[in-house]
Number of protein chains: 2
Amino acid sequence: EIVYQSISPSDFFYRNREIAGFSNPSRAVYAAVRELLENSLDACERQRVPPDIFLRLTEVSASEGGTSIYIMRIEDNGTGLPSDQIPSAFCRVFYGSKYTLQQSRGTFGLGGTITILYGQITTHQPVTVTSSTGGDIHEFTMMIDIERNEPMILKHKVLGNKKGWRGTVVQLQMEGDYSRIKSRLLDYLKQTAMVSPYADLTFVDPGGRLYRFERGTDMMPPLPQPVKPHPHGIDVENFRRLVSVTKARSMKEFMTGHFQGVGSKTADKFLKLAGIGNRTRPSSMKPEDIVTLVRAAREFKDFKRPDASCLSPIGEELLEKGIRKELGLTENDFLKVVSRKPSTYLGFPFIVETALATGPTIRKQYKAGTTIIRFANRIPLLFDESSGVIWKVVNRNIHWDTYNVSSDTPMVVVVHVCSTKIPYKTVGKEYMADQPEVEKEITNVIRTAARSLRLFISRSIRIERERRR
Amino acid sequence: EIVYQSISPSDFFYRNREIAGFSNPSRAVYAAVRELLENSLDACERQRVPPDIFLRLTEVSASEGGTSIYIMRIEDNGTGLPSDQIPSAFCRVFYGSKYTLQQSRGTFGLGGTITILYGQITTHQPVTVTSSTGGDIHEFTMMIDIERNEPMILKHKVLGNKKGWRGTVVQLQMEGDYSRIKSRLLDYLKQTAMVSPYADLTFVDPGGRLYRFERGTDMMPPLPQPVKPHPHGIDVENFRRLVSVTKARSMKEFMTGHFQGVGSKTADKFLKLAGIGNRTRPSSMKPEDIVTLVRAAREFKDFKRPDASCLSPIGEELLEKGIRKELGLTENDFLKVVSRKPSTYLGFPFIVETALATGPTIRKQYKAGTTIIRFANRIPLLFDESSGVIWKVVNRNIHWDTYNVSSDTPMVVVVHVCSTKIPYKTVGKEYMADQPEVEKEITNVIRTAARSLRLFISRSIRIERERRR
Ligand SMILES: Nc1ncnc2c1ncn2[C@@H]1O[C@H](COP(=O)(O)OP(=O)(O)OP(=O)(O)O)[C@@H](O)[C@H]1O
Ligand SMILES: Nc1ncnc2c1ncn2[C@@H]1O[C@H](COP(=O)(O)OP(=O)(O)OP(=O)(O)O)[C@@H](O)[C@H]1O
Ligand SMILES: [Mg+2]
Ligand SMILES: [Mg+2]
């Protein structure tokens, strides 16, 4: 009489689409653009090709409730996908290529799929994905079997590819409300351009208006390399998984072979501290020894610092350039950019970069007080500011008065956190959880930048006083 | 060279446990208590038995990082579970009994499982679930196969049940930090007691301290009844699913048989408006007709108001009693409780109840200004206040000065939203999305209560003035 049942992952997100960011028709437009554009940027960066991305939103029909039906179409010159992967990548939740330990915007394996799901349930129209990795061009027309979390292929055409085109085109129909989200959407595109100046973005909105964000540089950031996990991130589950596939015949070989930052001497020292024999076979570790190992690994201070080759920070030079251009700063304004060394939380490497800006240009554009601009893995975060860790640091951890900043000072704080795992609190990637190590790093990098800010402000105050005499 | 793969739902939440609310060791304690207590309250209310719930958190060991290992144990006198359902209910993500259209705290089919998963990955200890529906008592010791999202049964004992006990005991070990979350946790328990005065809750904390929330009444709220969906909630996906199982041989029979609020005349009128023949076989509906039907259903004004027998509002009487007791109000204080008629959003029925309180007692307990106390389906919401729809309404939609409320007025605003589907924006149920209809209803109910508040404040001001002369 009580009925127990299970549901598929796509059914879960069909029933709870607000959880994925599709909370109302205007947010749905934002979420859809975000998910598709981030997939295209990832795909272009993956092969270090300067992105050329075309995004078009066309109104098909308006309805009484204020919402409209749009065609959303995005085209990129990225990696493309192998034809046998296209159906699952786009029409299956929890399927993707970004489950590895290297920085990318995508991470969950569901963003593109849920955008397609939302389009399907609001318009009953299939999605068309056209893609090539350099060979034939494959065009799939598909829908999602929501109860089974599986793709349904309605049509599959194979076309020749004389020009050797490589990339992906996604076209779908969806219900939405562009007018209510327009200004936020344009902010998202502007901020994307600010931290990805090598990308050339074109957006045509339902009114037919064209927005072009031109390429500022051809220099692509270095490609993040997949890395081994850092031992600070060992937990009983990933230990168990590694043991089931390892070829290591001793715990020493296991530690040096499966983790970064563990040399031969370090492995000896660590295992001795954890009370585990060097020669112990990994598969013979008892549960209580595994727990001891995990606890000891977290506290052990002598593993090498994390390998940051899996990360792709914006870099002080590009960040400064992008901010100067985006905020229109002059030499009368102050700008200080600081990029910290890599750190880890739960074994995941991360880097925090920040910029503080103030001065007459800032005072003109922004009201007095602090404006925060946030990024995570180069994704602009525009919602739920006060729920996230950056807001907490700026408003609670930094004592701005000690840096000569008053509530009247117009200031822009830019923070970028990049990691192999951003601690997002929501599937819609709206804001980050207040992970203790991440919070500490953001606090430290802002304090470092604020020291330069203090000098600038005290000097400006002094210059102002002398001018008045 | 690009590797595509899929992951299971439990693997997704293992990798992204912040998404489920387990963002750091202190929040993990809060999330675990929430998920287990809400399961127990649902189970007791399901059979209209006044809940007797015992929750104990025992410290097993402390670690250097400030976190500890706890044993968490909760016991209830609820429905219990059939023995063949226990493994999947507790050790499989997206499995449960609350996927029906009736109000309950649980809704996603994952809260208890993720709590058990968190305990398992931080301590490598299995969970023990003991339960009976009145017959034999079954005791399962289990772990989750995270990569497959399946239960692993380590032990299964069947015990006699002479006393005919019915209920469930869950015991697990987990890492956490109780001291950092203690005060919020106690607020959660107090507010739970405030809106569930028929529940008897006992909590023993790691320090051995006992907190008892005694039963205030034996009157259980009426049991929410499962209902048919309301036609405003038709979308192409659920239409398609109904068509594949329906026995209706005409669209008229389909509308009256599968939905609430559609009588014979209403079905005729609606189908005529949508341009669909009464006698059309549901299975022969073309895609474009389905879309027309869905659009027309959303705008159609003449379906009956939603059937609220699936809802369980607190009710003005119980809410008033609970608030008076919880806030310690006297007859010098003002309290106005308003409960609105049911409304729908996307076809889901919902009710908003609110209470406004001010006066000398409020001024003593709370600083000047507004304190918001939020509930969704009787669950206290204590985090991310400014991200949710209630905060938006209180701070943006209500012009408090027109109700004589100044920034100096000490005021408590209590809001309870109950629905067959709460528009949570997060898996951790922290706050609600600003669904337009829900936002509108909250705005209207607060305005209604605020009109009485205005009279009270203007009268108090007048009395104060006359006293000064
Ligand atoms: N434009 C594209 N070009 C190349 N590959 C793509 C493109 N869009 C999607 N993909 C592939 O499809 C997969 C699934 O995409 P989806 O957006 O659903 O998840 P994701 O990007 O991996 O993670 P997230 O949910 O965080 O976005 C990606 O991992 C990628 O391999
Ligand atoms: N104490 C309990 N007594 C009886 N049944 C329980 C109890 N705890 C869990 N269950 C059963 O196990 C199922 C799964 O619980 P779980 O908490 O994982 O999901 P849920 O409560 O359905 O949804 P949510 O994720 O929103 O909490 C429940 O639907 C319920 O049927
Ligand atoms: Mg993606
Ligand atoms: Mg639950």
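Chain A has 13 helices and 16 strands, where helices (H or I, at least four residues) and strands (E, at least two) are DSSP runs numbered from the N terminus. Its radius of gyration is 25 Å, close to the 23 Å that the globule rule gives for 469 residues, so chain A is as compact as a globular protein of that length. The radius is taken over C-alpha atoms, and the rule is 2.2 Å times the number of residues to the power 0.38. Along the principal axes, the C-alpha atoms of chain A fill a box of roughly 80 × 60 × 60 Å. Of the 469 residues, 59% count as buried; buried means under 20% relative accessible area, exposed over 50%, and partly exposed in between (1.4 Å probe, protein chains only).

This is a predicted model, in which local features need pLDDT of at least 70 and side-chain atom pairs count only at pLDDT 80 or more, while totals for chains, interfaces and linings use all residues. Residues are numbered from 1 along each chain as its sequence is written, chains are lettered from A and ligands numbered from 1 in the order in which they are written, and side-chain values use heavy atoms, with hydrogens and water left out.

**Ligand site**

Ligand 1 is surrounded by 25 residues, the closest being Ser97(A), Thr107(A), Gly111(A), Gly112(A) and Lys429(A); a residue belongs here if one of its heavy atoms lies within 4 Å of the ligand. The surrounding residues come from chains A and B, so the site is shared between chains. A polar side-chain atom of Ser97(A) lies 2.6 Å from an oxygen atom of ligand 1. Backbone N or O atoms also approach ligand oxygens, at 2.9 Å for Gly109(A) and 2.6 Å for Gly111(A). The protein covers 97% of the 590 Å² of accessible area that ligand 1 has on its own, by the Shrake-Rupley method with a 1.4 Å probe.

Elements giving two or more residues to this shell are helix H2 (25–46), helix H3 (86–91), strand S4 (95–96) and helix H4 (111–123) of chain A. H2(A) gives the most, with four residues. By type, the shell divides into eight nonpolar, 13 polar and four charged residues. Ala, Val, Leu, Ile, Met, Phe, Trp, Tyr, Cys and Pro count as nonpolar, Asp, Glu, Lys and Arg as charged, and the others, Gly among them, as polar.

**Salt bridges**

Over all chains, the whole structure holds 70 salt bridges, each a side-chain nitrogen of Lys or Arg within 4 Å of a carboxyl oxygen of Asp or Glu.

| Asp235(B) | Arg17(A) | 3.8 Å |

Asp235(B) is buried at 11% relative accessible area, and Arg17(A) is buried at 17%.

Asp289(A) is partly exposed at 25%, as is Lys286(A) at 46%.

Asp434(B) and Lys392(B) lie 42 residues apart, the former in the loop between strand S16 (410–419) and helix H13 (436–468), the latter in helix H12 (residues 389–397) of chain B. Asp434(B) is partly exposed at 23% and Lys392(B) at 22%.

A network of salt bridges links Asp11(A), Arg15(A), Glu147(A), Glu237(B), Arg240(B) and Arg241(B).

Notes
Polar contact = N/O pair within 3.5 Å; in protein donor to acceptor, adjacent residues only side chain to side chain.
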